[in-house]
Amino acid sequence: MAFEQPKLKYAFDALEPNIDKETMEIHYGKHHAGYTKKLNAAVEGTDLEGKTIENILMNLDKSNSAVRNNGGGFFNHNLFWEVMSPDGGGKPSGELGKAIEDAFGSFDAFKEEFAKAAAGQFGSGWAWLCVHEGGKLEICSTPNQDNPLMPGIGCGGTPILGLDVWEHAYYLKYQNKRPEYIDSFFNVIDWEEVASKYAKEK
Ligand SMILES: [Fe+2]
């Protein structure tokens, strides 16, 4: 069974004005579609065929750049679309809200640290909020399409929130103003979804 892009749970223009329709169309329809297609080509006929994407990434041979780049690109974007919603924004309550306060001091301190990781990732990459077994949270960033599931990436745990800071994610609307894009992302974060991932993965 080949990998397929999950359907978006909202329309391309639903995250406006934070993320514009044209960026969403190209990002989902061209970039993510491209990673998905190339991932399928890279695993076809190999012993990776039929495995889950999580299994492939957790046991990744990092010298296999086709699987590393396109498997990462497939998984990372799946997560990215999931953790956004037109009804998003605000801050998490409940168990996740408390875990964020415990780990970072306050939601605002968390936001600042996450934004710093996203703004400070040189070139293309991702910022992550990850959960370790036992519920401990960690913020980190990775270059290109790497992610924390991959072994020896210097960033561990299971990602429950991810922000794409490739220029293709924001350049049409924000040009070089990555910090403004990062700030807008916080208006569309689906904290219910992130909290449900936290509960599942901790
Ligand atoms: Fe992207």
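Buried means under 20% relative accessible area, exposed means over 50%, and partly exposed is anything in between, using a 1.4 Å probe and protein chains only. The model in these views is predicted, so local features need pLDDT of at least 70 and side-chain atom pairs count only at pLDDT 80 or more, while totals for chains, interfaces and linings use all residues. Residues are numbered from 1 along each chain as its sequence is written, and side-chain values use heavy atoms, with hydrogens and water left out.

**View 1. Here is the whole chain.** You'll find 8 helices and 3 strands in the protein chain; both are DSSP runs numbered from the N terminus, helices being H or I with at least four residues and strands E with at least two. In sequence order the pattern goes α-α-α-α-α-β-β-β-α-α-α. The radius of gyration is 16 Å, close to the 17 Å that the globule rule gives for 202 residues, so the chain is as compact as a globular protein of that length. That radius is taken over C-alpha atoms, and the rule is 2.2 Å times the number of residues to the power 0.38. Buried residues make up 48% of the 202.

**View 2. Helix α7 meets helix α5 through D183 and K111.** These two form a salt bridge, with their closest N and O atoms 3.6 Å apart. The term means a side-chain nitrogen of Lys or Arg within 4 Å of a carboxyl oxygen of Asp or Glu. D183 sits in α7 and K111 in α5 (residues 107–120), so the pair ties together parts that are 72 residues apart in sequence. K111 is partly exposed at 26% relative accessibility, and D183 is partly exposed too, at 46%.

**View 3. D190 and K9 pair up in a salt bridge.** The N to O distance is 3.0 Å. D190 is in the loop between α7 (178–185) and α8 (191–201), whereas K9 is in the segment before α1, and 181 residues separate them. D190 counts as buried at 14% relative accessibility, but K9 is partly exposed at 48%.

**View 4. D102 and K98 share helix α4 (residues 94–104).** Their side chains meet in a salt bridge at 3.0 Å, N to O. They are 4 residues apart, which means about one helical turn between them. Both are exposed.

**View 5. E82, E193 and K197 form a network.** Salt bridges link these three residues. The structure holds 8 salt bridges.
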